[in-house]
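Here are my notes on this one, jotted down while going through the model.

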Amino acid sequence: MERYICIHGHFYQPPRENPWLEAVEVQDSAYPYHDWNERVTAECYAPNSAARIVDGDGRVMDIVSIYARISFNFGPTLLSWMESYAPEIYRSILLADRQSIEWRSGHGNAIAQVYNHMIMPLASLRDKRSQVIWGIRDFERRFGRFPEGMWLAETAVDLETLEVLAEEGIRFTILAPHQADKVRKLGGTKWKNVRGGNIDPSMAYLCRLPSGRKISLFFYDGTISQAVAFEKLLNRGEDFAHRLVSGFSEFREWPQLLHIATDGETYGHHHKYGDMALAYALNYLEENGLARITNYGEFLEKHPPVQEVRIVENTSWSCCHGIERWRSDCGCNSGGNPVWNQAWRAPLRSALDMLRDRLAEGYALKAGEYLRDPWFARDDYISVVLDRSDENLDAFIQRHALRELTREERPEVLGLLEIQRQSMLMYTSCGWFFDEISGLETTQVLMYAGRAIQLAEKLLPGNLAEPFLEILSEADSNLPEHENGRRVYEAFVKPCMIDLVKVGAHYAVSSVFEDYIDESEIYSYRIAREEFHQLRSGQSVFAVGKVNIRSNITLESGDVSFSVVYFGNHALYGGVRSFLGVQEYDTMKGETMKVFTDGDFAEIVRLMDRHFGMHNYSVRDLFRDEQRKILGLMTDKTLSDFDRQYMMLYENSRSLMAILRDTGTPIPGRFFATAETALNLELRGSFSIDRVDLDGVGRILAEMREWNVSVDSVELEFLLRRKIEGMMEEFRGNPGNNDSLEDLRRLLEFVAEIPVELNCWKAQNIWFEMTKTEYPRFLAYSHSGEESGVKWVEEFGKLGELLGVATRTVIPGS
């Protein structure tokens, strides 16, 4: 009997974008990466695009795409980030789906996901429809085809959700075994109770819906899925393969599907090298003919349901109480703080539900003045989210507007639609999943609520903030310093709120350090410089000007005037406000420029106070990434002074340390601290130059061993990796340069002696690519007796060995 295996990976990260900037700001907890999206991409999404199959010695025999071999879904908001910030990985995912269509009888591995991971049974019918429609449209735009299946956030399900999926043309979804209620043969009359996870997961099931529609359901193997996620099944690929095969039964007399579903991050992020275990297992299964690898669409076509099923409504894969994890203190949590409670979940949902309903009511009335069908327009607004070009926006307005909209009305319409987008984003499931209301995930959903409230204050009648915060105040924090949800909102959300003047303040302050062109972009804002003057006096800099700022999201725009003075170090003072008119601006400009030219710096501050009142700004008001950049510039000189002092202190004390050591006298700890700092600084500097002095690096490392001080291994690995990747890129661009090849070999030989575990992932990818693009050409040269070709082939093989490749397997005869 035929045996099939399908592994599904749910790849997802919660939206992390600042809703005012439409960008993910720096997250220190993700160090050495910029943010958690970038870190999880490096640890999981990238490795799965080029997973290693290794031999018994851990050397790479082949590189394969996991995405081309498993069923998967990616959260649309994650793919949106990846398209801009990890484009190479993004393209590899789309390419893998196209490859799988060729391999799997015309069925792609990728399936869609409800747009922003909303818990569907707790959503309004209107939101359910939008989540499914947005998920489909996003998928179509990226993968170029209609999705056969759709992943439900946390597999949370009810009949109404299945009705919406079926209505929109989705053929199947995937559920946990305990979400099945009863089954029977198609055409049969007797139902069999399968509650408690007792459904046979080896086939597809048909679910007949109250409307008369139908949808197919797959119930994954819960036991093996749990073992992958929470046991040590990924420690060895062969063991993983055999565990998968153990799910088949000789007593089944039909084509069997063994399928599992886990978070995709299991393979690499949660379990280091999990991607390699998965790659090996899939290869082992196929090479040994143990099962055919398939995806759900292909299996459904070959083996349509012969049984029907009824579901247990309001259930999910990650809460044993159904869907209570997202609305009550059910007891489900991360387990990290056993004395905490999650009673805050209920008032958080109540506050958001109240806000959603009030926003929906106001939206329907106000948008009805401009749009033929406000809710149909909202469903179609995803087309604008995916493409904010002027041409596309014009086409959207043409499709939905009751009449020609004025220049003033367009921002209103877009603002109303943005209210609705934010009111869906605020229901992202992670806001309830974890333990504490002041946590990053819950604060993020409150940020979306805050953006919706801010927009509503301009566009809709009534006060929404106070009733929202009143309910939120009932959500008690586990941390006394945060008190309750209202205090969390006031501490973490309100300070992040941005308007055009704050964007202007960022531009004004950063203009002292940045050379802006006449029209520039700052995150989701376009800045058109209408007038700008800059004066310098010693280390002091003065800037004054007027700019027009426009939101690329809502098209809201306005003129802002500013004046800013930088006195050096961290002393900076600025005034920014909405443009009050030419006369007021000219007076301010003339007076402040004259006083700065005269060198009366105390007077310039008094003038700014008089012209700008309380609208004063400093480096504290910069957006976080630019703030870090500018503070870095401000501290560079001080840090350079510190570095020189450390180096000098170590140089002056080194001989004394030697005498103390040689005489058996204890060396004070401050000497070691100075040595460790100075030597790590010297080591960092050695890898920041074009050609690394390996002898010099060796001397530094010998001294570090001599004094038994630690290498900053995280930073050193990062520097080494970037250095080697850069050299590999150069080598790929000029493969005939034997000097580059030799330099790479020498550096890698040296690195092998350093106490750092180097991540060679990208360098290996380039090497493998060159085995297909360049190696055959140089091999032909070597066979013809050309000396440079012989040397190149030899050095290239050595390079592969140093990168951890089984070169004799990959390029036989090397």
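**Notes on the predicted model**

1. Overall size first, bearing in mind that this is a predicted model. A compact globule of 814 residues would have a radius of gyration near 28 Å, and the protein chain comes in at 31 Å, so the two agree. The C-alpha trace spans about 95 × 80 × 60 Å along its principal axes. In secondary structure, the protein chain has 30 helices and 20 strands.

2. The sheet I'd look at is an open one of 6 strands, antiparallel in its pairing, with the order 15-16-17-18-19-20. Strand 15 (519-522) and strand 20 (616-617) sit at the edges, each pairing on one side only.

3. Within that sheet, strand 18 (residues 557-568) and strand 19 (residues 571-578) run antiparallel and are joined by 8 bridges.

4. Helix 21 (residues 601-612) lies across strands 16, 17, 18, 19 and 20. Its direction is at about 160 degrees to strand 18.

5. Now the second largest pocket, which holds about 1600 Å³ of space. Its lining takes in 50 residues, with Ala42, Arg721, Asn759, Cys760 and Trp761 nearest the centre. Elements giving two or more residues to this lining include helix 1 (36-49), strand 2 (51-54), helix 25 (713-733) and helix 27 (761-773).

6. What is the make-up of that pocket's lining in nonpolar, polar and charged residues? The lining of the second largest pocket has 27 nonpolar, 10 polar and 13 charged residues.

Key:
Residues numbered from 1 in each chain as written. Predicted model: local features only at pLDDT ≥ 70, side-chain atom pairs only at ≥ 80, totals over all residues. Heavy atoms only, no water. 1 Å grid on protein atoms, 1.4 Å probe; cavity = no way out; pocket = protein on both sides within 12 Å on 5 of 7 lines; lining within 4 Å. Points joined across faces, edges and corners; volume = space filled by probe spheres on them. Helix = DSSP H or I, 4+ residues; strand = E, 2+ residues; numbered from the N terminus. Nonpolar A, V, L, I, M, F, W, Y, C, P; charged D, E, K, R; others polar. Pairing = 2+ DSSP bridges. Contact = heavy atoms within 4.5 Å. Axes fitted to C-alpha atoms, helices over the stretch in contact; angles between N-to-C directions. Rg over C-alpha atoms; globule rule 2.2 N^0.38 Å.
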